[in-house]
Amino acid sequence: MKKTILAALCLLTSQTVMANGGMYGLFSAGYADASQGQAGDKGIGYSFAMGYELDKQWFVEGGFQQLIDEDGDAPVLSNLGSEDNSSLKADALYLALLGKASSQAGTLFYRVGVMSVKLESQAFIGSGQSCEEGEGSAYSLEGGDAVRCSYDETIVAGVVGLGFDFKVADAWDVRIEAQHVRGKDGFEANIGQIGLRYNF
């Protein structure tokens with residue numbers, strides 16, 4: 001996964017050097033509410049990307065996005081199945097098309113894209129229950145047993161979003177955006193992001 005990310009970044013950087021304009025770089029921080037199977041969590045992530053203006057109404061954008069990286073607490077018999085006993089990690093490479101409408105204040109845009117998501121999730125449930133996705137394995141607890149539902153796959157997901165780039169200087173915009181991601185095996189995430197965009 002790390003080698004793939006580095007290769008993608010090298011490609012994006014080389015395209016930036018060759019571009020004659022219309023390029024931008026972006027760094028954002030976000031907060032996600034994500035779930036997969038019986039695992040669910042909320043947490044902070046980040047993203048960085050490069051974009052290119054295809055014409056007056058369209059951008060193409062590609063980059064890396066850490067959707068969520070949250071570890072759960074040790075399982076407790078009294079609250080099996082709660083978010084406290086689950087963990088969820090999701091890192092993605094993405095490519096998206098952004099439709100835009102510019103004004104003096106900035107640029108309104110919507111996003112449609114595809115992601116390759118490295119997804120790892122784990123949830124602990126009562127021994128009488130069954131896992132929705134992934135493999136279950138026995139896990140002994142004091143006073144009883146539990147089932148660990150785990151999932152570790154690279155999946156394809158779709159992303160849609162709506163946002164605005166506020167112009168704060170000739171080369172700088174502040175971006176706010178809401179995204180919805182949905183993928184294979186029940187993965188779903190709602191994300192709010194704020195970031196800085198630098199226009200080359």
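Start by selecting Glu53, which is partly exposed at 30% relative accessibility (buried means under 20% relative accessible area, exposed over 50%, partly exposed in between, with a 1.4 Å probe and protein chains only). Glu53 sits in strand β2 (residues 39-55) and Lys100 in strand β4 (residues 86-102), 47 residues apart.

A word on what you're looking at: this is a predicted model, where local features need pLDDT of at least 70, side-chain atom pairs count only at pLDDT 80 or more, and totals for chains, interfaces and linings use all residues. Residues are numbered from 1 along each chain as its sequence is written, and side-chain values use heavy atoms, leaving out hydrogens and water.

Next, pick Glu61 and Arg175, whose side chains meet in a salt bridge at 3.0 Å, N to O. Glu61 lies in strand β3 (residues 58-70) and Arg175 in strand β8 (residues 172-183), so this pair ties together parts 114 residues apart in sequence. Both Glu61 and Arg175 are buried.

Then go to Lys167 and Asp173, another salt bridge, at 3.6 Å between the closest N and O atoms. Lys167 is partly exposed at 46% relative accessible area, while Asp173 is buried at 3%. To finish, select Glu61, Arg111, Asp165, Lys167, Asp173, Arg175, Glu177 and Arg197 together: salt bridges with shared partners join them into one network.

Notes: Helices (H or I, at least four residues) and strands (E, at least two) are DSSP runs, numbered from the N terminus. A salt bridge is a side-chain nitrogen of Lys or Arg within 4 Å of a carboxyl oxygen of Asp or Glu.
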